[in-house]
Amino acid sequence: MNQRPAYGAIFLTFVRNSLMRDMSFRTNFVIECISSLSWAAMNLGFYLLIFQYTDEIGQGSGWGKHEFFVFLATSMLVNSLVQTFFMPNCEELSELIRSGGLDFALLKPIDTQFLVSLQKSDWSSLSNFLLGLGLLGYSQWQLATRATDPLTFGPVALLLYPVYVLCGVVILYSLMIALSATSIWMGRNQTLYDFWFYITNFSRYPMEIYEGTWGSPLRWAFTYMVPVLVVVNVPARVMVQPLRGENAFLALFALAATVASLAASRWIFRRALESYRSASS
Amino acid sequence: MRIIEIEGLRKSYRVYQKREGLMASLKGIFHREYREVQAVKGIDLTVDEGEFVAFLGPNGAGKTTTLKLLSGVINPTSGTARVMGFVPWKRDNEYRRRFALVMGQKNQLWWDLPAQESFRLHQQIYRIAPSDYDRTLGELTELLSIGKLLRQPVRELSLGERMKMELTAALLHSPQVLFLDEPTIGLDVIAQHNIQQFLRHFQEVRRTTILLTSHYMKDVAALCRRVVIIAQGEIKYDGSLSGIVDRFSGHKVITLQFAEDEPPREADLVRYGQVLEVQPPRAKLRIARAEVPRVLADVLARYTVEDVAVEDRPLEEVIAEMFAQSETRSD
Amino acid sequence: MVGRVITWWTILRICLEERLVYRGDFALGTLMRFLPIVTQIFLWSAVFTARDWRPLQGYGYEQFVAYYLLTMVSRAFSSMPGLASGIAGQIRQGEIKKYLIQPVDLIGFLLLTRVAHKAAYYSVAIAPFALVFFLCRSYFGDLPDHAATHSLTTAAAFVVALVMSFLLGFFLETSLGLVGFWFLEVNSLLFVYMLMNFFLSGHMFPLDMLPEPWRTIVELCPLQYLAYFPVAVFLGKFQGGELARALLVEFAWLAFFVALSRILYWRGVKRYSGYGG
């Protein structure tokens, strides 16, 4: 009986259970899909509006209309994955802590962080993933077939892209779980949760927009201290810019940042568990 | 063989004070006051394999905290404990696969799915071999009569049925040690009885070591020979059920039935002891133990008595009084 | 009368205390509301850089920043978190009954609690607001002559527009919530409203930017009064006769929603009682 837990099979069961649950509330599922898609569509509309008034974002930044849409698509891919697999769990973690339901997680003979981070999935958020893929395909095609200076990208880019999308997901997850875990110390935590949204808001734009007296320090802080700018920028750049110079450096850094974020979040989670008081019965 | 060994276990909490008023709340942004609450004040206990032990105590006595300490859910402030040789709060996966905790009125099964899906998840998590799983599930389903309910979403089940599902889930991996925290709380009498029957049968067959907390006497009386009474974080008594009355109760209750035409009134009876109830032709008196022979002799001599019963005070009363006493003592 | 004042003061005090119970929450929460603007401003700065700082649809860069800061103020007045869903929830749970039995007017009561709530919250939150506006005062330097910074009439009009947007927001959301008398689940409706509100009230971008036919459509909707309109007044986009007319139209919308909520309430209650409690 001295076996290590079968994390793969357990994850598949989690995913299966969530899918079953989502399907049992079919109308709700459809409504949620439509909701997230309409939100994404409105957002897209907003950027279409902006590009009525300008050809690119930032001067000489390289983010013209279609490049920016690749960026936007990448943002959709990363965020939809986070929203599908991690967001329902991190939201629930605060509630588990408050109600004492975390007790049950601590009883199970598997890693608590694994259990608490992955047990529920929200499948309706994957609709945005599909939209992101569509937008990515369309924009890349536009870039590759345009008359002036068509974009070329090789198999390396196609291979690295999903890797960096996953890195982005892991970084956002680490931030999220670390913040949720602090509700063990800080009690009711709506502000912290909003905090996550505000911080990750910075990741939705190309890092080039952060310049100037206020911008540059922000850019530095959000790349090297809380690496949210790495999340969407790196994979997007992999797709639309050559992998040289600053891009190559950032790509390497992104890998290191992913590992570091995960390690930091794990440390915080474990410290939090030590302070767990459970709820009074 | 000793399976649970607890020595000097303590757990205290900080509770933050909130005071009334606007200024106090504003001050609260900068400085918080707190006080220490000692939930468990030094418990020593040993339990042998296969025993069925009950923890009795009023609310806030520390029963649930003790179980949570033994489950590894919380860390102690000081003291040691070993269950099956493991230190619970280290949360070894090996330890966690060998015990189970069930908490009354707390649900860990997926709310919207049929229980059997949650059971399947359990199987994955505990790595239960398919043959063992089928066999154990079959046994439990039969013992608890939940066959038809397995496919229903848990939210549609009644409280008693949900409790049965929780128990099933807890026992699927055949734990050696079972902790039950108020398992019958909130259930109707029939459901309580069913669960009690099940637990007794299960324990006899499987020889699982069981620790049960409750504040229902019926649970305890039905299931355990050994009772540990906890109040205010300390063990007040550890022994058999009947021993409690002997130890803690200094009184007996005498019920008298008088022959009809001359029943004495309350005023006449008061000199014997406390009159609990007078409903002619019956009367109930509370008499100090040592006085019982003398009082009986006197009453029988004075009046015509049709029927006499000499009983111990109800266990609940004894225990309640014991809790109340220890509370006043510590004040 | 005195009784009413005492009740008001108690409600206010309790609201504030409730806010302050979780100390960590409150301290951070208010300042953090300004964070989304920061990214927006950077975005627009990048757009303006690409345009060589040419004004965009009548807005220079500084005015864009001023615009966003001011929408924080107009949204502080007009946003009604939980109002519509609260009403719908109360209808669904049957709690409406207590309003039918007691001589208390549901809408009036809700309005009073909202006023108390906002007063309580912003009496404390005004500090971070003031701080931010002070730090950003340079963005308000270069406004046209009839902007509120130079003209008292415009400033007064701004205040009037704000008060009306508070009431408009209130009665609009109340009407939405009252739809709960007819449909059990209003969440989808509320979501659509929220979506429209977010993108088409001027919260995300000045409505001037919209091309036709969107511009006209949005101008015919009342959503613009929830964020865009008071700010446009402040920035001097309306003058003289235009200003008076615009305020009157806002008032008309307000009157419409007051009437609508009243009618919905009256008919909803009739329908509700018809079921025999």
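Q: How is chain B divided into domains?
A: This is a predicted model, and in it chain B splits into domain 1, residues 2–246, and domain 2, residues 250–312.

Q: And what separates their centres, over C-alpha atoms?
A: The centres of domain 1 and domain 2 of chain B are 44 Å apart, taken over C-alpha atoms.

Q: OK, sheets. What's the strand order in the open sheet of chain B?
A: Six strands of chain B, ordered 5-6-7-3-8-9, make up the open sheet, and the pairing is mixed.

Q: Which strands stand at the edges?
A: Strand 5 (99–103) and strand 9 (234–240) of chain B. Each has a single partner strand, so one side of each is left without a neighbour in the sheet.

Q: Do strands 5 and 6 of chain B pair in the parallel or antiparallel sense?
A: Strand 5 and strand 6 (residues 177–181) of chain B pair in the parallel sense, over five bridges. As an example of a bridge partner, M103(B) has D181(B) in strand 6 of chain B.

Q: Which strands does helix 2 of chain B lie across?
A: Helix 2 of chain B, residues 63–71, lies across strand 3 (52–56), strand 5, strand 6, strand 7 (209–214) and strand 8 (226–231) of chain B. Against strand 6 of chain B, helix 2 of chain B runs at about 150 degrees.

Q: Switching to packing: how many residues are in the largest nonpolar core?
A: The largest nonpolar core has 206 residues. Those with the most contacts inside it are V78(A), I171(A), L172(A), A54(B), F179(B) and L168(C).

Q: Which helix gives the most to this core?
A: Helix 8 of chain A, residues 155–181, with 15 residues.

Q: What is V78(A) in contact with, leaving aside neighbours within four places in sequence?
A: V78(A) is in contact with V165(A), G168(A), V169(A), L172(A), V231(A) and V232(A).

Q: What about the second, separate core?
A: That core has nine residues, including L269(B), Y272(B), A283(B) and V299(B).

Q: Last topic, the contact of chain A and chain C. How many residues from each?
A: Chain A puts in 31 residues and chain C 26 residues.

Q: Which helix of chain A gives the most to that side?
A: Helix 2 of chain A, with ten residues. Helix 2 (26–53) and helix 10 (190–201) of chain A each supply at least two residues.

Q: And how do the residues on the chain A side divide?
A: Into 15 nonpolar, eleven polar and five charged.

Methods:
Residues numbered from 1 in each chain as written. Chains lettered and ligands numbered in written order. Predicted model: local features only at pLDDT ≥ 70, side-chain atom pairs only at ≥ 80, totals over all residues. Contact = placed C-beta atoms within 7 Å. Helix = DSSP H or I, 4+ residues; strand = E, 2+ residues; numbered from the N terminus. Nonpolar A, V, L, I, M, F, W, Y, C, P; charged D, E, K, R; others polar. Domains from an automatic or database assignment. Core = buried A, V, L, I, M, F, W, Y, C linked by C-beta atoms within 7 Å. Buried ≥ 20, exposed ≤ 12 C-beta atoms within 10 Å, placed from the backbone. Pairing = 2+ DSSP bridges. Axes fitted to C-alpha atoms, helices over the stretch in contact; angles between N-to-C directions.
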